[in-house]
Amino acid sequence: RDVVHSGMAGMAGSGCMDSSHARHAPAGSEASSPSNNERSSVGVMRRGRGVVLGIGVLLASLACAEADQFHPNKSTSFRNEEQLFKVEYLDDASLTGFVAEDIVQLGNYYVSTRFGCVTDSKGHDWAQADGILGMGFPAAALRSVPFPLFWALTDPTRAHQDESNVLENRVFTLMLSQDRGELVLGGHDPKSVQGQMVTTAVRASPLPDGSAAFMHYMIDVQSLKVGGHELLQFKDESIAIQAILDSGTSCLVVPDDTFEGGLLASPFKEFQKHFGELEEPTIHITIQGQTFELPYDDYMVDDKPCVMKMKSTPRTFLLGDVFFRRMVVVHDLNDPMQPLVTLGQRDPGYKLTTELKSVGARDHVPLGKKQVKKLQPETVQATKQPSTGASPSGASYQAPRQPTQANRQYNLQAMTNPSPPPPAPAQGGAL
């Protein structure tokens with residue numbers, strides 16, 4: 001089945017190991033333990049270039065000997081499940097490899113879990129990333145790797161396993177800036193929020209068989225404005241549009257469709273029209289009756305508005321990177337039957353952490369950020385009224401193309417600050 005969706009991130013470039021090389025090291029063989037300065041690790045994976053933070057399963061890249069990535073044959077806790085997998089992206093990119101199990105650590109939490117070992121990738125250059133870090137829903141995962149990492153790290157049935165340190169509160173918060181970010185495990189920092197927060201239910205996605213499942217962090221949105229001009233012009237109150245919170249998409253992605261008359265005008269065309277008429281307009285997004293601001297400077301990337309046209313026509317749009325730069329986005333998965341998202345405007349004075357730290361029951365994990373592949377913009381014509389009062393003249397701005405998996409750009413970076421090492425492994429194995 002197609003397991004790729006708008007919330008899923010990309011993977012590292014092809015490695016040079018296959019399943020025949022990924023074997024369980026014999027007891028007593030030489031194997032180093034995870035470095036204390038790692039923020040994410042798989043088995044005895046050394047500090048690498050990073051792990052893409054996205055909505056998917058956990059995938060690790062196998063690299064050549066000179067690379068600084070995951071080497072299964074050096075881990076005595078590694079187990080090859082001898083099952084192959086292939087992930088096919090909507091833009092014809094793909095990843096292939098085999099399923100394995102080992103001890104995976106994020107922050108101070110770790111657990112033995114299944115993940116995919118990627119041996120080959122097609123369609124994109126993911127050389128700046130070591131893998132995909134799964135923070136999404138099990139329904140969107142590979143059948144052979146049923147639990148994204150965050151669900152495995154918060155699985156209460158594993159709390160008493162010797163090789164685990166499980167997070168009890170299944171909540172994570174994501175905050176981003178232009179060059180880095182912060183992942184909070186187990187809650188959020190109240191000091192990071194300015195004003196009131198609002199909580200809204202995650203909406204399930206309909207499936208072909210008529211059922212529904214949680215596939216994305218999809219929430220209801222009542223209004224989307226640019227400079228005071230409404231882009232979601234509903235014909236009546238019975239029409240609703242959802243937004244998908246997707247940290248892996250660079251921009252805001254809005255539909256270019258009226259949904260058979262449900263909207264009076266195309267939201268994307270309305271943006272084109274009004275952006276060209278206004279001077280550095282602010283975007284306003286209303287969720288659960290509360291309006292959040294996205295200033296001009298935050299959604300402009302390389303002097304171009306980071307607002308894209310949705311390629312397909314579902315009744316959704318995407319709130320990507322530029323949205324997370326101003327927001328505190330809390331994902332509460334404690335109730336699997338009704339996940340929640342809580343949103344707050346970020347306090348401008350809040351500084352994203354640059355080191356792993358524990359505050360009460362929370363872990364604050366620093367995130368580095370690398371652009372996996374540069375956007376390819378296309379020119380969109382617009383008119384802009386000069387401030388001098390002269391006749392309008394033609395102007396153009398650069399709008400990025402429809403987002404693909406190539407636009408995924410958040411990499412979890414190993415930082416250099418020390419953290420407590422995991423405890424001794426279970427009898428017969430070693431980290």
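I take two strands as paired if DSSP finds at least two bridges between them. Helices (H or I, at least four residues) and strands (E, at least two) are DSSP runs, numbered from the N terminus.

**Entry: ground rules**

I am working on a predicted model, in which local features need pLDDT of at least 70, side-chain atom pairs count only at pLDDT 80 or more, and totals for chains, interfaces and linings use all residues. Residues are numbered from 1 along each chain as its sequence is written, and side-chain values use heavy atoms, with hydrogens and water left out.

**Entry: strand E23**

I looked up the neighbours of E23. Leu252 stands opposite Leu319 in E23. The strand holding residues 252-254 is E17, which runs antiparallel to E23 and is joined to E23 by 2 bridges.

I then checked E16 (residues 241-245), which is parallel to E23 and joined to E23 by 4 bridges. Here Ala243 is the residue opposite Phe317.

Next I noted where the side chains of E23 (residues 316-319) point: Thr316 and Leu318 go one way, Phe317 and Leu319 the other. In a regular strand the side chains alternate between the two faces of the sheet. Thr316, Phe317, Leu318 and Leu319 are all buried. Buried means under 20% relative accessible area, exposed over 50%, and partly exposed in between (1.4 Å probe, protein chains only).

**Entry: salt bridges**

How many salt bridges does the structure hold? I count 10, a salt bridge being a side-chain nitrogen of Lys or Arg within 4 Å of a carboxyl oxygen of Asp or Glu. Side chains of opposite charge can pair when their charged atoms come close.

One of them is Asp220 with Arg203, with 2.7 Å between the closest N and O atoms. The two residues are 17 apart and link distant parts of the chain: Asp220 sits in strand E13 (residues 218-221), Arg203 in the loop between strands E10 (193-201) and E11 (205-206). Asp220 has 15% relative accessibility and so counts as buried. Arg203, at 38%, counts as partly exposed.

I also looked at Asp256 and Lys269, whose side chains meet in a salt bridge at 2.7 Å, N to O. This pair, 13 residues apart, also links distant parts of the chain, with Asp256 in the loop between E17 and helix H2 (267-275) and Lys269 in helix H2. Both ends count as partly exposed, because Asp256 has 24% relative accessibility and Lys269 has 47%.

Arg325 and Asp321 are both buried.

Last, I noted a network: Arg79, Glu81, Glu101 and Arg114 are joined by salt bridges that share partners.
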